[in-house]
Amino acid sequence: MAAGFVTRSFGAGSLVLSPREAWSAKPSDSCHSKFPAIRASVTKVREEIDPSGLKQRQGEERIPVGVLGASGYTGSEVIRLLATHPFFNVKLMTADRKAGQSLATVFPHLVISQSLPDMVAVKDANFSDVEAVFCCLPHGTTQEIIAALPKRLKVVDLSADFRLADIKEYEEWYGGSHRAPELQETAVYGLTEIHREEIKQARLVANPGCYPTSVQIPLVPLLKSQLIEPDHIIIDAKSGVSGAGRSAKEANLYTEVAEGLHAYGVTRHRHVPEIEQGLAQAAGSKLKVSFTPHLMPMSRGMQSTIYVKLKAGASARDLRKHLVETYQSEEFVKVLGEGIVPHTRHARGSNYCFINVFEDRISARAIIISVIDNLVKGASGQAVQNLNLMMGFPESTGLLQQPLFP
């Protein structure tokens, strides 16, 4: 056991706790009389864990998982997050162009934390030793690969291939036919805080895109409660360069990106139908949004500034109050104090989404600001959150890292 960790007994089972978790113990623990609980969420996580299940998964009996596309940004971020995960163990990594290499040759920053297998080509991957996979491959290449996987595997797909329920809409926006329509019918959209119960029962989860995550988290509750007009939504979004992936592209060169910003995908960004799909479900009718993304000269981070028209009788204060009430028990969505502006650096390196609402100068309008780390809550962190649910573990397991600053 790592130095500094302690064991707490709960009925027939036991639980290994970090010093911070031990400090946050519930009232029945012996330490409570001396140290009050400072993290209610950690206490809740611990209470939800099945002690007998924990006992079975300690040490070498952790669940073996695979990461397809381990040499990309989202794949490497999954591996970084799993380095401290108590129940998952990376047993398979694929990377066609890096086959035969160790992860240390591609990402030296990950060499110390865990013992990892060498990467292999997808066609040579042996899935008999894993129980779940994170699919971190580009859209268009994922459908057939997932369709060929053993049906017993749990799959979290970080590509866009299974996010759109309408196959024709996928073909229109992604420029190719969908080659696994039967799987699309079974896929669950993995916006965790909104579709938690469906995710728990899913075999295949379509992990949301980064922009749709930052937009839907604040807007879905407001549309469901009919506090905002569905036909007057304007989204001005900005992302770090890592959102474009790791493959070599002229538009992502340092000299193309540094010391400036620019809009891209104007009126035709592929996340538009995904955003509209989720918001339409919340509103109960089809809608269209104005969405313009921008590339920022930073490695990671995402901000969506959203302009909305209030329903008659509603105020910006009502919007903020409803979001506070909706997310008050959520670990990873935080409504900041009144008047505090969320910054991308507040979420850097973490699975958190920070949001706030401001009254516009224009009557009957409000401004919502939502920030995430596009590689964590916008991709790999939410993927781990979803697999936690799919495998019956508390969804925050392995994800309680605090944001990095400066």
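## Basis of the model

Residue numbers start from 1 along each chain as its sequence is written, and side-chain values use heavy atoms, with hydrogens and water left out. In this predicted model, local features need pLDDT of at least 70 and side-chain atom pairs count only at pLDDT 80 or more, while totals for chains, interfaces and linings use all residues.

## Cysteines

The structure contains zero disulfides (a disulfide being a pair of cysteine sulfur atoms within 2.5 Å). Cys136 takes part in none, and its nearest cysteine sulfur, that of Cys135, lies 6.9 Å away.

Cys136 counts as buried at 10% relative accessibility, and Cys353 counts as buried at 0%. Buried means under 20% relative accessible area, exposed over 50% and partly exposed in between, with a 1.4 Å probe and protein chains only.

## Cys210

An unreviewed UniProt entry lists Cys210 under "active site"; such annotations may be inferred rather than shown by experiment. Cys210 is located in helix α10 (residues 210-224), where helices are DSSP runs of H or I with at least four residues, numbered from the N terminus.

Cys210 is buried, with a relative accessible area of 11%. Leaving aside residues up to four places away in sequence, Cys210 touches His271, Met302, Ile372, Asn374 and Gly378 (contact means heavy atoms within 4.5 Å).

## Packing of α10 and α12

The axes of α10 and helix α12 (residues 272-283) come within 8 Å and cross at roughly 15°. Axes are lines fitted to C-alpha atoms, for helices over the stretch in contact, and angles run from 0 to 180 degrees between N-to-C directions. The two helices, α10 and α12, are therefore roughly parallel to each other (angles under 35 degrees). Residues making the contact include Pro212, Val215 and Leu219 of α10 and Ile275, Gly278 and Leu279 of α12.

Technical notes. Parallel < 35°, antiparallel > 145°, perpendicular 65-115°, else oblique.
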